[in-house]
Amino acid sequence: MLNYIHNIPTRLYFGKGQISHLTEVLEPFGKNVLLTYGGGSIRKTGLYDTVMALLKEGGFAVTELSGIAPNPRIESVYEGVRLCKEHHINVILAVGGGSTIDCSKAIAVGRYYEGDDLWQMICSSRPGRKALPLVDVLTIAATGSEFDPGGVITNLSTNEKLGAMLTYPAASICDPTYTFTVPKDQTAAGSADIMSHIIEGYFSRTPDSDLSDGIAETVLKSVMKNAPIAIREPDNYSARANLMADASVACSHIPEYGKQSTGWPCHAMEHELSAYYDITHGVGLAILTPRWMRYILQKDPSATERFVRFARNVMGLEGTDEAALAQAGIDALEAYFKSTGIPMTLSELKIGTEHFEEMAAHANRGGRLDHAYVPLTAEDLVKIYQACL
Ligand code: NZQ
Ligand code: ZN
């Protein structure tokens, strides 16, 4: 088990009605609030009205930035930074999903960035930069952005989607009832994303981190139990609550404590798909994950032991033929993703082979996947993309 440092400064308010803490959370930062949100779901659900009423009651001055797109664009970051400077913003309040929160993190850091090129800020990210305080109200269980410092920003003009270390939210309000309206496809995609955050760390070369592995297996089983319920019964509180709690823990790095980092190969490959084709993050991950698994198992049979553990402890399979069990675990995962309605091939998303080489080279820039569970080259990544067609 390796050394690790635990330092998550975010206060998480989890559960029904936690919005009642909103103004007390914002108050210490000042009265000028930048309210950020996406394409309008919060207006349809009424959450916008709830938040605005609370802000009005608390005497806050509100400036709005709306229309933050899934796979948030660098252009929205520029606009947000401009608004922060012009309106002397003291705190950002992000109401939405990972895209809104990520964009708001970039705005928070961009406010103090010395220089005009905010894309350069994303490219040269490092933790601990000065940032405006950020509070969020989460509306979809998926990325874990509410409990981590990461933000993923897209530059469609250069076909780049990059994750950056930006800033932790000061506080996150996570009320599962706000996720009742998440459509079936986004519920499935978000759940696949949660699982991928776990799987990326579970397949690591450190075999003896019992705490991390136990948390990882519990989260995976919880998602596979609760996502189908949430898809069938969108307002099932218990299912939505479990997914939301799972999401925050999954990307917090807690399930990787004491483990060698892996470079997160499926995320590296998925961010390329989103950068070129603007697809939903969780959908890309669900397509890639079983293909990546089959590829690394075949490339390095020493991976069999961990796949057997995955098959037994996560997918609940039994058997004594280890090679068969390892394969069966992967098949079961793929069948699970399919059962949630996710299109499971790139062809269904109308993605062909045209950019595979560039995407693979960029995904593996700087030898990022040299220390993956099974080290991968750009050539390996092309083959994995091909297996996804
Ligand atoms: O934009 P609106 O109108 O709000 O609609 C959104 C959007 O269309 C909708 N939605 C969200 N909550 C809803 C709802 N619709 C109805 N009712 C609700 N309660 O769902 C759609 C997707 O929203 P988005 O914020 O894009 O989803 P998600 O949370 O999955 O975020 C995806 C982004 O986060 C990045 C992804 O790459 C992608 O750009 N990631 C961020 C990470 C992080 N910060 O740590 C890690 C992840 O691995 C990931 O890369
Ligand atoms: Zn993800």
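Q: Which residues line the second largest pocket?

A: A pocket is an open set of points on a 1 Å grid over the protein atoms alone, with protein on both sides within 12 Å along at least five of seven lines, and lining residues have an atom within 4 Å of a point. In this predicted model, the lining consists of Pro9, Pro127, Gly128, Arg129, Leu132, Pro133, Leu134, Pro149, Met165, Leu166, Thr167 and Tyr168. The pocket holds about 190 Å³ of space, a volume being the space filled by probe spheres set on the points, which are joined across faces, edges and corners.

Q: What should I know about the model and its numbering?

A: Residues are numbered from 1 along each chain as its sequence is written, and chains are lettered from A and ligands numbered from 1 in the order in which they are written. The model is predicted, so local features need pLDDT of at least 70 and side-chain atom pairs pLDDT 80 or more, while totals for chains, interfaces and linings use all residues; side-chain values use heavy atoms, without hydrogens and water.

Q: How many cavities of 30 Å³ or more are there, and what lines the largest?

A: Rolling a probe the size of a water molecule over the atoms shows where empty space is left. A cavity is a set of grid points where a 1.4 Å probe fits but cannot get out. The search finds 1 of 30 Å³ or more, and the largest cavity has a volume of about 70 Å³. Ile140, Ala141, Thr179, Val182, Gln186, Thr187, Ser191, Arg240 and Leu243 line the largest cavity. Helix α7 gives the most to this lining, with 3 residues. Helices are DSSP runs (H or I, at least four residues) numbered from the N terminus.

Q: Which residues coordinate the zinc ion (ligand 2)?

A: Donors are N, O and S atoms within 2.8 Å of the metal (3.2 Å for Na, K and Ca); water is not among the atoms, so sites may look incomplete. Here Asp193 (OD), His197 (NE2), His267 (NE2) and His281 (NE2) coordinate the zinc ion (ligand 2) at 2.0 to 2.2 Å. Their spacing in sequence is D-x3-H-x69-H-x13-H. Because His197 lies in helix α7 (residues 184–202) and His267 in helix α10 (residues 265–277), the pair ties together parts that are 70 residues apart in sequence.

Q: Is His197 buried or exposed?

A: Buried means under 20% relative accessible area, exposed over 50%, and partly exposed in between (1.4 Å probe, protein chains only). His197 is buried, at 4%, and His267 also counts as buried, at 5%.

Key: Helix = DSSP H or I, 4+ residues; strand = E, 2+ residues; numbered from the N terminus.
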